[in-house]
Amino acid sequence: MIENNELAMNIESRLSFEEFRKEVLHDYRLACDSREISLLARKEVLTGKAKFGIFGDGKEVAQIAMSKYFQPGDFRSGYYRDQTVAFATGIATPEQFFSQLYADPNLENDPFSAGRQMNSHFATPNLDKDGNWLNLTAMKNSAADMAPTAGQMPRALGLAYASKIFREVETLHELKGLSENGNEICFATIGDASTSEGHFWETMNAAGVLQVPLAVFVWDDGYGISVPRKYQTTKNSISAALEGFRKTDGSNGFDIYNVKGWDYAGMCEVFEAAIRKIRETHIPALFHVEEITQPQGHSTSGSHERYKSKERLSWEKEFDCNLKMRSWILENALCDEATLVEIEANAKTKAQDARKQAWEKYITPIKSQVQEFITLAGTVTAVAGVEEEVVNKNIRELQANREPQRRDILKAAAAILNRHRHLSNEPALQALQHYYQRYLLEQKDNYNSFLHATGVNDVLNVPVVPATYDDDSITLNGYEILNKYFDQLFTNNSKVFAFGEDVGKIGDVNQAFAGLQQKHGKLRIADTGIRELTIIGQGIGMALRGLRPIAEIQYLDYLLYGLQPLSDDVATLQYRTKGGQHCPIIVRTRGHRLEGIWHSGSPMGMIINSLRGIHVCVPRNMVQAAGMYNTLLQANEPALVIESLNGYRLKEKLPANLETYTVPLGIPEVLKEGTDVTIVTYGSTTRVVEDAIVTLEEMGVSCELIDVQTLLPFDINHDIVKSLQKTNRILFVDEDVPGGATAYMFQQVMEKQGGYRWLDVAPRTLSAQAHRPAYGTDGDYFSKPNPEDVVSVVMNMMEE
């Protein structure tokens with residue numbers, strides 16, 4: 001006779017088994033769905049409906065096992081084969097996947113990038129249009145994907161580091177919508193070949209030092225495109241190569257786990273315990289997921305049969321993760337063959353339905369526009385003097401195009417309009433012209449918008465608050481003004497954090513943070529290792545999670561180490577998510593004049609041309625710098641602030657409203673009015689020009705001196721050309737290489753502002769030499785512009 005409690009246990013056991021069985025079949029269904037989507041999507045590329053495809057086939061089971069432990073509040077920083085992760089976590093639907101594959105510019109159809117990124121580039125929003133942070137703890141979050149290999153790693157460090165900050169800094173505990181006591185994990189995924197990148201190694205080292213909740217999953221399929229792993233990785237194994245990083249008792253480091261990518265049960269067992277440990281202890285971990293396959297090869301651009309042996313291809317078929325999971329289900333009697341066949345058939349239908357729905361949403365508005373064009377073009381044929389065959393040819397070609405694109409419509413309209421410019425006053429051609437202009441304008445929103453934030457998130461909308469001074473305002477060294485500013489800032493804004501090399505204990509190399517770590521704590525103002533790449537990544541991740549990091553690069557020359565994530569990730573973020581994701585990182589550095597090749601950098605041309613999408617501030621003094629920080633902290637956009645190295649010990653008056661006054665970005669400041677020549681400059685060369693002007697005034701030349709203040713944005717109200725209208729002469733001065741930022745300023749004023757119309761003499765640029773500056777005082781004098789150079793150029797202009 002069965003006792004009541006034993007009966008209850010049996011019932012509970014049966015229920016538990018039934019739930020387990022349902023979960024397994026749900027996961028297998030998801031694996032089949034994702035596989036069919038990969039297969040169908042490849043066909044869409046090969047038939048020309050999509051331009052390029054790269055898919056996650058062969059990684060389905062591993063990604064499903066990982067995603068089971070991905071919770072609301074967690075962040076993903078992955079790469080372009082994570083489609084199954086996106087489906088399993090609910091971040092993406094199959095239909096959205098196809099919409100992105102077709103480059104659908106409708107944000108409702110492709111909510112990740114509005115058609116601006118290739119497939120499997122996912123993103124979730126973090127701010128609303130009113131500048132309010134969303135409840136990130138209630139969402140499964142994804143940092144916006146990008147294609148550069150290992151580019152996802154630096155920001156992954158920052159996303160995980162933010163959890164450490166949220167857990168250990170008490171003043172942040174009230175920010176419930178951003179974190180739940182730092183329990184959030186960053187899940188980083190990467191292909192095995194990309195672990196050869198320095199980004200990976202620097203990130204892993206920093207994670208081991210900082211002890212942050214970072215879970216790194218390495219999908220190891222044995223190849224980097226066509227190059228076998230043995231040519232990529234020491235010891236032919238990334239986990240073996242990293243063995244010295246393994247955490248042991250009394251050490252930092254990270255845990256290392258090895259699993260097989262086809263072993264569903266084994267991965268679930270390892271991942272469950274390991275992820276729980278990461279969440280509780282903040283000890284990072286590396287999961288080396290081995291024996292992954294890639295059934296369709298690297299991408300649609302080539303065939304893996306060209307470089308894989310028959311034996312390897314045969315092995316990959318046998319160890320396909322979906323087939324292995326299927327066999328495991330049958331072996332454990334979790335369902336019968338017929339059930340699995342039905343699941344597999346339904347997966348094909350789901351993929352076809354998702355593809356069809358996405359394609360209809362993509363093509364229907366285009367076909368509607370084609371019809372509108374054909375109607376308008378048809379009326380043009382009735383106009384006297386029109387070349388009917390030209391019009392009809394363009395109509396026929398569009399009618400015959402089964403998969404027209406927006407450019408096809410515009411090209412057809414332009415062909416007709418350009419051929420009949422002499423009839424532009426005819427009503428039919430005017431109607432076609434209006435249609436063409438309207439359609440062009442619509443496409444600018446689709447393809448050329450959101451390089452920067454809008455509305456309250458836009459730094460250009462921050463109110464201007466001029467600096468005020470008391471009668472008894474004291475005069476301080478520049479670094480002392482910054483020190484007072486940062487002290488007030490950190491006292492009143494708990495979201496602000498600063499970190500970098502020598503920032504903490506000694507208060508940065510120029511003492512702007514002197515004594516502030518002791519006052520505000522080691523996490524608020526922190527030292528880092530010499531690792532500029534992940535200093536930037538640390539700031540990116542923190543900014544994505546609602547904090548306001550000031551990431552310091554000690555000298556401008558060293559920005560090169562961190563330029564890649566700034567250029568590829570931060571600068572493009574607003575654009576590639578069409579305003580959906582914001583990263584208000586502030587990068588603080590110092591540069592321009594000093595003595596020597598490696599600490600005198602002013603590579604502004606490189607910076608402004610690689611960081612479009614980031615504001616570039618070039619203050620001439622520290623009061624101005626403080627005002628720029630205030631402006632930036634009231635908006636939600638990224639910026640680079642380059643303080644003048646030789647300005648820290650210059651005397652400046654302390655504003656009474658140091659903490660609240662703002663410097664508007666994109667608005668030049670006229671430092672001295674004049675009538676003979678306009679001199680445009682910024683940063684340290686401002687003082688060089690000021691010295692030269694003393695001599696020029698003695699020689700009877702009246703100079704108007706303009707400090708542009710920011711290079712991005714640049715003179716948004718065209719104030720410089722107003723000065724040129726008065727002086728009819730202009731000189732651009734800086735200490736970048738010839739053709740660098742001076743050429744940029746020249747183009748902005750001469751071309752964009754139409755300054756050429758007001759010239760009496762040829763405009764000039766004066767920059768540094770093409771080589772790096774030589775060491776020593778004389779090296780500086782002969783390498784970069786000096787007052788005598790300015791005087792000589794201006795006098796030549798006056799005598800021309």
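The charged end of Lys49 sits over the ring of Trp359, at 4.5 Å from the ring centre; a charge is taken to sit over a ring if NZ of Lys or CZ of Arg is within 6 Å of the ring centre and within 35 degrees of the ring normal. In this predicted model, local features need pLDDT of at least 70 and side-chain atom pairs count only at pLDDT 80 or more, whereas totals for chains, interfaces and linings use all residues. Residues are numbered from 1 along each chain as its sequence is written, and side-chain values use heavy atoms, with hydrogens and water left out.

Trp359 also belongs to an aromatic cluster that it forms with Phe55, Phe87, Phe97, Phe98, Tyr102 and Tyr362. A further charge placed over a ring is that of Lys324, which lies over the face of Phe319 at 4.3 Å from the ring centre. The structure holds 34 aromatic pairs. One of them is stacked, because the rings of Phe245 and Phe254 have their centres 5.6 Å apart and their planes at 20°. Rings of Phe, Tyr and Trp (its six-membered ring) are paired if their centres lie within 6.5 Å, and planes under 30 degrees apart count as stacked, over 60 as edge-to-face and the rest as tilted. Phe254 is buried at a relative accessible area of 0%, while Phe245, at 25%, counts as partly exposed (buried means under 20% relative accessible area, exposed over 50%, and partly exposed in between, with a 1.4 Å probe and protein chains only).

Phe490 and Phe513 form an edge-to-face pair, with 6.0 Å from centre to centre and 90° between the planes. Phe490 lies in helix H15 (residues 478-492) and Phe513 in the loop between strand E10 (496-500) and helix H16 (516-520), so the pair ties together parts that are 23 residues apart in sequence. Both phenylalanines, Phe490 and Phe513, are buried. Helices (H or I, at least four residues) and strands (E, at least two) are DSSP runs numbered from the N terminus.

The UniProt annotation "domain: Transketolase-like pyrimidine-binding", from an unreviewed entry, covers residues 476-650; UniProt positions are given in the numbering used here, feature names are shortened, and annotations may be inferred rather than shown by experiment. Over residues 476-650 the chain is 40% helix and 18% strand, with the end C-alpha atoms 8 Å apart. Strand E12 (residues 548-553) is largely enclosed by the rest of the structure, because six of its six residues are buried. Both faces of E12 are covered, with Arg548, Ile550 and Glu552 buried on one side and Pro549, Ala551 and Ile553 on the other. E12 pairs with E10 in the parallel sense over five bridges, and Glu552 in E12 stands opposite Gly500. Four bridges join E12 to strand E13 (residues 586-591), also in parallel, with Ile553 opposite Thr589 in E13. Two strands are said to pair if DSSP finds at least two bridges between them.

Ser610 is found in helix H19 (residues 604-610) and is buried, with a relative accessible area of 19%. Leaving aside neighbours within four places in sequence, Ser610 is in contact (heavy atoms within 4.5 Å) with Leu563, Ser567 and Ala571. Ser610 and Ser567 are 43 residues apart in sequence, yet 5.7 Å apart in space from C-alpha to C-alpha.

The largest nonpolar core has 84 residues, and those with the most contacts inside it are Phe200, Val216, Met604 and Leu711. The largest share of this core, nine residues, comes from helix H5 (residues 152-168). A nonpolar core is a set of buried Ala, Val, Leu, Ile, Met, Phe, Trp, Tyr and Cys residues joined through side-chain atoms within 4.5 Å.

Most residues other than glycine have a negative phi, and most peptide bonds are trans. Lys235, in the loop between strand E6 (227-228) and helix H7 (238-241), has a positive phi near 65° and is exposed at a relative accessible area of 63%. Asp502, in the loop between E10 and H16, has a positive phi of about 70° and counts as partly exposed at 35% relative accessibility. The peptide bond from Leu712 to Pro713 is cis, with omega near 0°, and Pro713 is found in the loop between strand E20 (710-712) and helix H22 (719-727).
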